[in-house]
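Thanks for coming, everyone. I have a few minutes and one structure to walk through. Please keep the viewer open as I talk.

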Amino acid sequence: MAATNFSPVSSSFSKPTPLARNLPNTHLSLPSKTLPKPYFSQYPTSSHHHKASLAASSKNPISDFFPSNKPYPDDHSVDFDDDDKPREECGVVGIFGDPEAARLSYLALHALQHRGQEGAGIVAVDNDVLHSVTGVGLVSDVFNESKLDQLPGDLAIGHVRYSTAGSSMLKNVQPFVAGYRFGSVGVAHNGNLVNYRTLRANLEDTGSIFNTSSDTEVVLHLIAISKARPFVMRIVDACEKLEGAYSMVFLTNDKLVAVRDPYGFRPLVMGRRSNGAVVFASETCALDLIEATYEREVFPGEVVVVDKTGIYSLCLMPHPEPKQCIFEHIYFALPNSIIFGRSVYDSRRKFGEILATESPVDCDVVIAVPDSGVVAALGYAAKAGVPFQQGLIRSHYVGRTFIEPSQKIRDFGVKLKLSPVRAVLEGKRVVVVDDSIVRGTTSSKIVRLIKESGAKEVHMRIASPPIIGSCYYGVDTPSSEELISNRMSVEEIREYIGSDSLAFLPIGSLTKLLGDDSPNFCYACFSGKYPVEPTEVKVKRVGDFVDDGITGSLESIDGGWVKATPKSELESIDGGWVQAKPKSELEVGSA
């Protein structure tokens with residue numbers, strides 16, 4: 001892809017920055033570029049008097065490849081595991097120059113736990129040897145005192161994961177470590193490579209053997225086969241072939257390297273501790289916990305190298321206009337983080353204020369769907385002059401699985417997580433603020449829960465525009481046909497979830513709020529316009545595939561990828577991957 005066209009010949013190291021103590025906090029930003037403002041359709045407030053049917057194919061061209069047999073989502077299915085929300089794939093951390101690098105990485109991963117709960121790992125360097133501890137589950141499940149004792153050294157990287165590419169098995173838990181002829185390298189990756197399947201096929205054709213089903217392993221293979229010198233140029237050479245989203249940290253026996261893709265889809269920040277240790281992390285909340293001072297972002301298209309001689313920054317490509325993920329501000333990041341140079345808390349509060357201004361309604365109380373809707377609800381309540389109260393209490397002690405009693409309880413999964421407060425809701429006209437609606441199944445159950453608690457009216461206000469497109473840049477979202485906004489108008493959604501009114505944050509108001517920075521954000525999930533076109537379309541996984549080549553069934557296939565060939569039929573299944581065969585071949589071939 002042209003956008004990731006590295007030019008190693010013209011690349012140059014900047015002057016080394018010494019690892020001095022107490023480096024002042026500096027804030028740097030990329031200069032804005034002026035491009036034509038993208039076109040976005042407006043999404044009006046819905047009420048009983050407004051109805052417009054919108055065809056899915058008119059919103060998102062990718063949906064043409066996935067015809068749906070279901071006119072509406074299944075109201076009775078509760079996907080308890082994903083809570084009807086998009087999920088961030090992972091979070092990364094890297095630390096150089098602190099004698100307790102692994103323990104600090106462990107704490108930083110705690111701060112980043114919201115970005116992934118399926119697995120965690122840390123790799124540390126001691127006496128030029130890379131030591132690794134990884135495991136399935138939460139950070140607190142994977143690590144204890146004895147495990148951290150196995151990770152000495154002043155250089156470490158860490159990772160928390162929620163899988164979008166690759167199943168949730170131990171062998172897919174990062175950081176990955178690989179040995180090649182010049183030593184060992186470890187990598188932790190946040191993002192998703194849209195050309196992963198093609199890269200993997202090409203590597204396998206030349207003899208590469210893969211141990212995992214994660215797209216990150218491709219990066220290690222590309223580094224190993226690179227002829228570039230020195231090591232950092234191997235990373236550059238590998239990244240030249242990648243398309244999609246990647247914020248990565250690498251380590252060798254003596255170096256820590258941070259890389260961000262040319263579009264800067266996923267965040268990656270740099271900070272420093274008082275002893276001079278350099279820290280990279282997905283969010284500033286991780287820096288805060290380990291008392292590191294935020295210095296700046298790793299710029300889109302930048303490679304930052306840290307070793308004992310200092311810090312080197314390589315700007316290796318002509319930067320396209322950044323396309324940073326707007327959903328970091330809507331949902332993924334913690335409110336106390338600074339993401340893409342903006343306070344997440346401020347962004348969400350302003351989203352709520354915009355909703356109160358542009359979609360007002362007579363109400364007695366404003367409540368949030370916890371936890372992600374709280375800050376926007378505070379903004380809505382303050383602007384509307386209506387009290388904010390806790391009308392829904394979230395349980396933080398529910399595991400990923402549960403045992404349902406034999407006598408069915410309606411909306412069981414939602415009731416386990418959210419408990420309505422009748423004293424707040426009974427007899428009231430209630431505004432409910434949530435960050436997004438994905439399938440709509442959870443929203444309908446929340447509305448029903450509130451009405452069953454005696455609410456007179458329920459008005460839903462959503463602090464994001466309607467989601468009509470799947471994400472291919474490191475976020476686990478359903479296929480476009482499962483996205484309720486891709487198949488229904490706002491009024492139809494209101495009818496489906498059962499609220500008295502429904503309004504989304506208008507995309508025009510969102511871009512206006514972002515001001516001069518608005519062209520630097522990715523809105524693909526709202527517009528269906530992708531900065532990097534997905535040629536290998538990710539489909540929703542339906543379970544973890546036991547991919548030892550012997551066990552496993554079609555029911556347990558790990559989603560995989562579908563080659564986006566128009567008018568092909570998705571029929572041939574091979575080891576967890578769905579290949580798109582031309583119709584002519586399907587008519588002749590046998591099973």
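Predicted model: local features only at pLDDT ≥ 70, side-chain atom pairs only at ≥ 80, totals over all residues.

Let's start with the largest nonpolar core. It holds 47 residues. Which of them touch the most other members? They are Ile 326, Phe 327, Val 366, Tyr 473, Leu 510, Tyr 523 and Phe 526. Several elements give two or more residues to this core, including α9, β18 (365–368), β21 (429–434), α16 (507–514) and α17. α10 gives the most, with five residues.

Now pick out Ile 326. Set aside its neighbours within four places in sequence. Ile 326 is then in contact with Leu 510, Leu 514, Phe 521, Cys 522, Tyr 523 and Phe 526. Another core lies apart from the largest one. That other core has 32 residues, among them Tyr 180, Val 185, Leu 193 and Val 303.

Next, the cavities. How many are there of 30 Å³ or more? The count comes to five. The largest cavity has a volume of about 130 Å³. It is lined by 17 residues. Closest to its centre are Cys 325, Phe 327, Cys 471, Val 475 and Cys 525. Two elements give two or more residues to that lining: α9 (327–332) and α17 (524–527). By type, the lining divides into 14 nonpolar residues, two polar and one charged. Note Phe 327 in particular. It is among the residues closest to the cavity centre, and it is also among the residues that touch the most other members of the largest core.

On to helix α6, residues 216–225. Why do we call this helix largely enclosed by the rest of the structure? Because eight of its 10 residues are buried. The buried ones are Thr 216, Glu 217, Val 218, Val 219, Leu 220, His 221, Leu 222 and Ile 223. And what covers them? The cover includes strands β6 (176–180), β7 (183–193) and β8 (244–251). Helices α5 (196–205) and α7 (231–239) are also part of it.

Now the aromatic rings. The model has 10 aromatic pairs. One of them is Tyr 180 with Phe 182, an edge-to-face pair. Their centres are 6.1 Å apart, with 75 degrees between the planes. Tyr 180 is at 17% relative accessibility, so it counts as buried; the cut-off is under 20%.

Phe 340 lies in the loop between β16 (338–339) and β17 (342–343), and Phe 521 is in strand β25. So this pair ties together parts that are 181 residues apart in sequence. There is also an aromatic cluster: Tyr 263, Phe 265, Tyr 472, Tyr 473 and Tyr 530.

Last stop, Pro 370. Where is it found? Pro 370 is in the loop between β18 and α11. Is Pro 370 buried or exposed? Buried, with a relative accessible area of 9%. Beyond its neighbours within four places in sequence, Pro 370 is in contact with Leu 392, Arg 394 and Leu 418. Take Leu 418. In sequence, Pro 370 and Leu 418 are 48 residues apart. In space, they are 8.3 Å apart, C-alpha to C-alpha.

That's the tour. Over to you.

Technical notes: Residues numbered from 1 in each chain as written. Heavy atoms only, no water. 1 Å grid on protein atoms, 1.4 Å probe; cavity = no way out; pocket = protein on both sides within 12 Å on 5 of 7 lines; lining within 4 Å. Points joined across faces, edges and corners; volume = space filled by probe spheres on them. Helix = DSSP H or I, 4+ residues; strand = E, 2+ residues; numbered from the N terminus. Nonpolar A, V, L, I, M, F, W, Y, C, P; charged D, E, K, R; others polar. Core = buried A, V, L, I, M, F, W, Y, C linked by side-chain atoms within 4.5 Å. Buried < 20%, exposed > 50% of the residue type's maximum accessible area, 1.4 Å probe, protein only. Contact = heavy atoms within 4.5 Å. Phe/Tyr/Trp six-rings, centres within 6.5 Å; stacked < 30°, edge-to-face > 60°.
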